[in-house]
Each structure stands twice: as structure tokens, then as C-alpha cells.
Amino acid sequence: MHCIDACPTGALRPGTTRRQVAIGVARIDQRTCLPFQGVVCRACWRACPFSGEAIRHDALGRPYVDPPHCVGCGLCVHACLTEPPSIHVEPFGSKRRFPRETPP
Ligand code: SF4
Ligand code: SF4
């Protein structure tokens, strides 16, 4: 609550929902993401503040993003083990399009 009291712009408000703070949505590039190549990796899932909601796994352990739960914070991007990262944040309103994920 201290950060809410101290915020000079009023950007933080009690009762703010995840949807209200979302700035984009993460997308996984299945062409380079390690589990899609048969390698176990959960680095993005571990980094996500909403792991198990925003990032889930299919029966083969391959990650996918559940957009309504993702806020676009980018922590998963920084945690990704591939270079360049296999997960990107697509900002809302952006014309740039990353490779589509195939839903599980
Ligand atoms: S952008 Fe943030 S909320 Fe969305 S999947 Fe990545 S770490 Fe999770
Ligand atoms: S951290 Fe990167 S390589 Fe690993 S599962 Fe997530 S997107 Fe795929």
C-alpha cells in the first residue's frame, strides 16, 4: 500500500484489475522455443508473476500463453534461455505481429 500512497501520478490505485494494467500480450515463437524442439524448459513460466494462468503447458510440456491472464510485463522475455528470446510481448495497438501460436 505504501507505493500506492507515494505514487506521484496516481497510476497505482487500490482495486486495479489485471486487465486495467495490461499493456500487451506475450507470444511464443514455436519455431525456436526449446520444448517445441524436445528440450525441457520452464524459464518463462518460472519468471511469470501469473505462471499457471498466463503461461500454461500442454500435455507435452510445451508452453502457451493464455491471453486474458497476461499483462504484457515482459518478465518472461528477459528470462527466456534462447537468443533471441522465443517469447515476445506484442503491445496492444502494435502493428508488429509476431509468429502466431498454435493453440494446444
Ligand atoms: S508478459 Fe508477463 S504476465 Fe505475460 S506471460 Fe510474460 S511474464 Fe507472464
Ligand atoms: S523460456 Fe523461452 S525457450 Fe524456454 S519455454 Fe519459455 S519461451 Fe520457450
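# Talking through a predicted chain with two ligands

Modeller: From the N terminus on, the elements run α-α-β-α-β-β-α-β. Keep in mind that this is a predicted model.

Colleague: How many helices and strands does that make in the chain?

Modeller: The chain has 4 helices and 4 strands. Its C-alpha trace spans about 45 × 30 × 25 Å along the principal axes.

Colleague: And what share of the chain is buried?

Modeller: Of the 104 residues in the chain, 35% are buried. As for contacts, take those between residues at least 6 apart in sequence: 61% of them join residues at least 24 apart.

Colleague: Let's get to single residues. Why is Ala43 called buried?

Modeller: Buried means under 20% relative accessible area. Ala43 comes in at 8%, so it counts as buried.

Colleague: Where does Ala43 lie, and which residues is it in contact with once its neighbours within four places in sequence are left aside?

Modeller: Ala43 lies in helix H3, residues 43-47. With those neighbours left aside, Ala43 is in contact with Ala79 and Leu81. There is also a C-alpha pair to look at: Ala43 and His78 are 35 residues apart along the chain, and their C-alpha atoms are separated by 9.5 Å.

Colleague: What about Thr82, buried or exposed?

Modeller: Thr82 has a relative accessible area of 14%. The cut-off for buried is under 20%, so Thr82 is buried. Thr82 lies in the loop between H4 and S4.

Colleague: What makes Thr32 a contact of Thr82?

Modeller: Contact means heavy atoms within 4.5 Å. Leaving aside neighbours within four places in sequence, Thr82 is in contact with Thr32 and Leu34.

Colleague: Now Cys3. Why is Cys3 called partly exposed?

Modeller: Partly exposed covers the range between the buried cut-off, under 20%, and the exposed one, over 50%. Cys3 has 49% relative accessibility, so it counts as partly exposed. Its place is in helix H1, residues 2-6. Cys3 and Val77 are 74 residues apart in sequence and 25 Å apart in space, C-alpha to C-alpha.

Colleague: On to the ligands. Where does ligand 2 sit?

Modeller: Ligand 2 sits in the largest cavity. For a molecule to be said to sit in a cavity, more than half of its atoms must lie within 2 Å of the cavity's grid points. Among the residues around ligand 2 are Cys33, Cys41, Cys44 and Cys80. Two residues we have already discussed, Ala43 and Thr82, are also around ligand 2.

Colleague: How does the shell around ligand 2 divide by class?

Modeller: The shell around ligand 2 has 10 nonpolar residues, 1 polar and no charged ones. Cys and Pro count as nonpolar here.

Colleague: And where does ligand 1 sit?

Modeller: Ligand 1 sits in the second largest cavity. It is surrounded by 14 residues, the closest being Cys48, Cys70, Cys73, Gly74 and Cys76. By class, that shell has 12 nonpolar, 2 polar and no charged residues.

Colleague: What makes up the largest nonpolar core?

Modeller: The largest nonpolar core has 14 residues, and those with the most contacts inside it are Ala26, Ile55, Val65, Cys70, Cys76 and Ile87. Strand S1 (24-28) and helix H4 (75-79) are the elements that give two or more residues to this core. S1 gives the most, with 3 residues.

Colleague: Which residues is Cys76 in contact with, leaving aside its neighbours within four places in sequence?

Modeller: Cys76 is in contact with Ala26, Cys44, Ala47, Ile55 and Ile87.

Conventions:
Residues are numbered from 1 along each chain as its sequence is written. Chains are lettered from A and ligands numbered from 1 in the order in which they are written. This is a predicted model: local features need pLDDT of at least 70, side-chain atom pairs count only at pLDDT 80 or more; totals for chains, interfaces and linings use all residues. Side-chain values use heavy atoms; hydrogens and water are left out. A residue is near a molecule or strand if one of its heavy atoms lies within 4 Å of it. On a 1 Å grid over the protein atoms alone, a cavity is a set of points where a 1.4 Å probe fits but cannot get out, and a pocket is an open set with protein on both sides within 12 Å along at least five of seven lines; lining residues have an atom within 4 Å of a point. A nonpolar core is a set of buried Ala, Val, Leu, Ile, Met, Phe, Trp, Tyr and Cys residues joined through side-chain atoms within 4.5 Å. Buried means under 20% relative accessible area, exposed over 50%, partly exposed in between (1.4 Å probe, protein chains only).
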